[in-house]
Amino acid sequence: MSSSSDEDIPLSKMARKITSNKSSKLKLEDSSDSEDDRTPLQNSKPTPATSYSEDDDDNDDDDDGPLLKRKRKASSTKSDKKPKVKKVKTKSSSTTAVKKEKSKSATKVKKEEPKEEVSSQVKTEAEAEAEDEDDTYKWWEQQDLDGEIKWESLEHNGVVFPPEYEPLPSNVKLYYDGKPVTLPKEAEEVAGFFAAMLESDHAKNPVFQKNFFSDFLLVLEESGGCKDADIREFSKCDFTKMFQHFEKQREMKKLTTSADKKRLKKEKEEFEEPYKWCLLNGRKEQVGNFRIEPPGLFRGRGAHPKTGKFKRRVQPEDVTLNLSKDAKIPDPPPGHQWGEIRHDNNVAWLAMWRENIANSVKYVRFSQNSSLKGISDFKKFEKARELKKYIDPIRKDYKQKLKSDLMIDRQIATATYLIDVFALRAGGEKSEEEADTVGCCSLRFEHIFLKPPNTVIFDFLGKDSIRFYQEVEVDTQVFKNLRIFKKSPKKPGDDLFDRLDPSILNKFFQSYLTGLTAKVFRTYNASKTMQDQIDLIENEGTVNEKVVKFNAANRAVAILCNHQRTVSKSHETGVQKISDKIEEMMWQKIRFKRMILQLDSKQKKKNPEYFQECQDMSKEEEQMIIERFIANEKEKLIKRHERELEKFKIEKATIKKEDQKDTLQKLKDDHKERLAKHAEASKMYKSELRSRKYDIKPNVTVEKLQQQVEKLSTRIQNTALNLKDKEDNSSVALGTSKMNYIDPRLTVMFSKKFNVPIEKLFTKTLREKFAWAVESADENWRF
DNA sequence: GATCTCACTTAGAAAGATAACA
DNA sequence: TGTTATCTTTCTAAGTGAGATC
């Protein structure tokens with residue numbers, strides 16, 4: 001099938017998640033299914049992986065050999081290169097800044113503000129916030145954003161180091177083989193890191209334990225060893241005393257008065273204030289992570305082979321600072337020197353150091369609301385919007401290439417399909433020293449299961465070891481290709497796309513559009529999905545209802561990108577509580593309806609549907625609800641009384657001695673009275689259940705009862721909606737897509753078009769990060 | 001062309017702050 | 001007013017991709 005109508009179907013819809021209702025299968029491209037295509041995989045003749053001959057159109061010239069078998073190898077550990085200060089390039093621009101779509105003139109170029117000293121006397125955050133909004137640099141009103149250099153001048157105050165280690169009190173010790181032992185403070189610190197997380201999942205992980213312990217022994221040896229015992233076995237170490245000490249400290253911290261907490265917070269803020277800001281081209285901008293990461297145990301995600309290893313303390317000598325040549329070099333901490341000073345204006349970092357786990361580089365960068373971050377965000381979304389113009393020919397092209405005679409082209413086309421339709425990541429190669437996670441190019445034999453005629457089950461761990469599990473229908477030719485890519489002698493452990501890696505794929509993408517890479521597809525499809533979802537929303541209802549609809553659209557994007565979060569521990573009980581509440585409201589509603597019938601039996605004839613639900617709830621169900629309701633209410637009363645007694649104990653001293661007895665007696669009497677009322681009500685409910693006779697007060701009318709029923713109906717509806725939202729959101733993380741994938745101008749457009757305050761959609765941080773979008777998009781903006 | 005290095009974005013967990021509830 | 005649930009921010013791990021180097 002290669003009809004033109006097929007071209008009209010958006011590709012993102014071509015493959016659908018299979019639900020239990022498979023009614024809407026889309027017929028897709030291709031074709032004359034050959035006899036061979038219907039042959040079960042296990043019966044097909046084994047062929048070498050380097051060539052394939054399924055049917056004629058599947059024949060391959062095989063002039064393109066597979067990539068060298070990709071070994072999962074250890075990364076090299078060192079680079080002693082001297083830093084190079086690159087020549088500053090000043091390229092002419094092509095990117096124009098965000099055009100103001102509002103009536104205000106957008107072309108006015110802002111004058112550079114006078115350079116101010118970045119010193120410990122910089123304004124406080126509150127003062128900075130209070131500054132006139134117009135004083136902030138609106139880079140989006142500039143015309144040229146294309147320069148390659150990152151800054152003309154950069155000044156900052158360096159970084160904040162974590163506090164030195166404070167040894168434990170002498171009575172808090174590690175126990176080895178049942179006896180307390182004294183450790184050198186360096187080793188004690190490492191043992192303490194483990195002890196502090198004794199009850200976490202990490203500490204129960206054998207790999208974590210092993211890595212921690214071997215690093216602990218190393219530090220112990222480096223620092224002079226333990227004189228009290230020959231520590232060799234992890235199983236003989238008892239960290240509980242140390243753990244209890246940290247728990248106690250945590251409890252003490254909780255008890256700090258709020259005034260003290262405030263004071264400590266203020267002191268910390270005052271100390272950190274100078275490090276929070278820098279001067280970028282003479283303008284004050286915020287620094288992001290100005291705190292050097294403290295030492296600790298590496299918490300790798302998933303099955304990381306290095307999890308638990310000791311992350312060493314970073315010294316000033318390990319830190320390289322990056323700033324202008326003429327900028328004042330911040331003083332290193334007393335007795336120390338900076339590792340290196342650089343003046344590289346091709347990069348957007350202020351400081352860096354190398355960590356000891358993977359020997360990778362950590363950077364101190366500008367904050368999310370800085371102009372540099374904003375500009376790169378803006379460019380990212382503009383590139384994704386540019387893809388709009390190319391997406392149709394690209395899709396047409398790769399659909400054709402799915403049947404190419406060249407294996408490499410087929411693999412490229414199939415991978416592009418997966419990236420475009422299922423928003424897979426590129427999937428770069430990983431070393432043995434990392435968790436075994438994959439993306440598109442690194443998918444292996446065992447990560448997909450094929451179910452004829454065209455169903456694929458993906459099951460693999462993606463970034464952060466988050467499981468990607470989807471059962472989907474795919475294009476028939478894609479299905480055929482995947483079957484070829486899995487054909488014998490391929491076996492578990494082998495790469496599905498044995499001739500691909502992200503750089504080959506990205507080179508292919510670049511032939512369509514400069515700067516087009518696998519990740520642009522994710523941004524494009526995410527924002528496109530959001531635009532489509534918003535287009536479906538009716539402009540009606542309350543602000544909160546509109547926010548719920550916005551979140552539902554956001555959720556569609558998060559699901560597309562497979563953004564997940566672990567279900568919170570309290571989720572189950574929370575859901576149960578809400579479900580119980582709904583049942584209780586249903587029971588109350590039915591109760592009111594029965595009262596109506598008792599007052600006026602003719603009502604049933606008038607509107608039998610209205611009273612149908614009175615029959616829907618069985619007596620057993622009702623009894624269960626009533627009993628639970630009674631028990632819950634009683635528990636509430638008891639807890640209330642306990643709190644009152646507790647309060648009385650505390651306030652006793654402030655009450656006159658002669659009044660104390662009376663006050664206590666009153667509390668007890670009140671409680672007794674409430675319990676009596678509760679007992680009476682319980683008795684009434686039970687009697688109602690037996691006799692179906694209701695004790696209705698004389699002032700209660702049919703109209704009043706109807707009003708009550710109406711109120712309850714609305715409450716039930718709202719609570720059910722909340723419950724559904726809670727369930728749907730329990731494992732989906734909305735934040736990641738809002739922050740990284742959905743063009744913020746879509747959110748701003750929604751806010752303006754639907755009259756929803758932006759504060760309801762973006763937190764303060766996001767409003768600052770996306771200030772450029774908030775100020776430039778209007779209600780008609782489209783992705 | 002494979003591999004390595006560097007600079008950047010993207011990611012979920014954990015900590016902290018705030019709102020809702022009893 | 002204290003407790004609990006939820007929202008927001010911070011932290012830092014884990015990706016992508018360009019360009020240098022072997």
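Predicted model: local features only at pLDDT ≥ 70, side-chain atom pairs only at ≥ 80, totals over all residues.
**Overall**

Chain A has 783 residues, and 43% of them count as buried. Its secondary structure consists of 24 helices and 15 strands. Among contacts in chain A with a separation of 6 or more, 74% join residues 24 or more positions apart. The chain exposes about 44,500 Å², of which carbon and sulfur atoms supply 51%.

**Helix H4**

Helix H4 covers residues 185-196. Its 12 residues should span 16 Å at 1.5 Å a residue, and the end C-alpha atoms are 16 Å apart, so the two values agree. H4 is mostly covered, with 9 of its 12 residues buried. The buried residues are Ala187, Glu188, Glu189, Val190, Ala191, Gly192, Phe193, Phe194 and Ala195.

**Helices H9 and H13**

Two packed helices are described by the angle between their axes and the distance between the axes. For H9 (residues 371-401) and H13 (residues 518-535), the angle is about 90 degrees and the axes lie 9 Å apart. H9 is therefore roughly perpendicular to H13, since angles of 65 to 115 degrees count as such. H9 contributes Lys380, Phe381, Lys383, Ala384, Leu387, Lys388, Ile391, Ile394 and Arg395 to the contact. From H13 come Lys519, Val520, Phe521, Thr523, Tyr524, Asn525 and Ser527. By class, this contact of H9 with H13 has 8 nonpolar, 3 polar and 5 charged residues.

Thr320 is in strand E9, which runs over residues 320-322. At 5% relative accessibility, Thr320 counts as buried, because the cut-off is under 20%. Apart from neighbours within four places in sequence, Thr320 is in contact with Glu340, Arg342, Trp349, Leu350, Ala351 and Met352.

Glu627 belongs to helix H18, residues 619-651. Its relative accessible area is 43%, so Glu627 is partly exposed.

The table gives, for each of these residues, one partner that lies further along the chain.

| Pair | Separation in sequence | C-alpha to C-alpha distance |
|---|---|---|
| Thr320 and Tyr363 | 43 residues | 9.4 Å |
| Glu627 and Ser682 | 55 residues | 8.5 Å |

Both pairs have a C-alpha to C-alpha distance in the table: 9.4 Å for Thr320 and Tyr363, and 8.5 Å for Glu627 and Ser682.

How values were computed. Residues numbered from 1 in each chain as written. Chains lettered and ligands numbered in written order. Heavy atoms only, no water. Helix = DSSP H or I, 4+ residues; strand = E, 2+ residues; numbered from the N terminus. Buried < 20%, exposed > 50% of the residue type's maximum accessible area, 1.4 Å probe, protein only. Contact = heavy atoms within 4.5 Å. Areas by Shrake-Rupley, 256 points an atom, 1.4 Å probe, with all protein chains shown as cover. Axes fitted to C-alpha atoms, helices over the stretch in contact; angles between N-to-C directions. Parallel < 35°, antiparallel > 145°, perpendicular 65-115°, else oblique. Nonpolar A, V, L, I, M, F, W, Y, C, P; charged D, E, K, R; others polar. Expected span 1.5 Å × (residues − 1).
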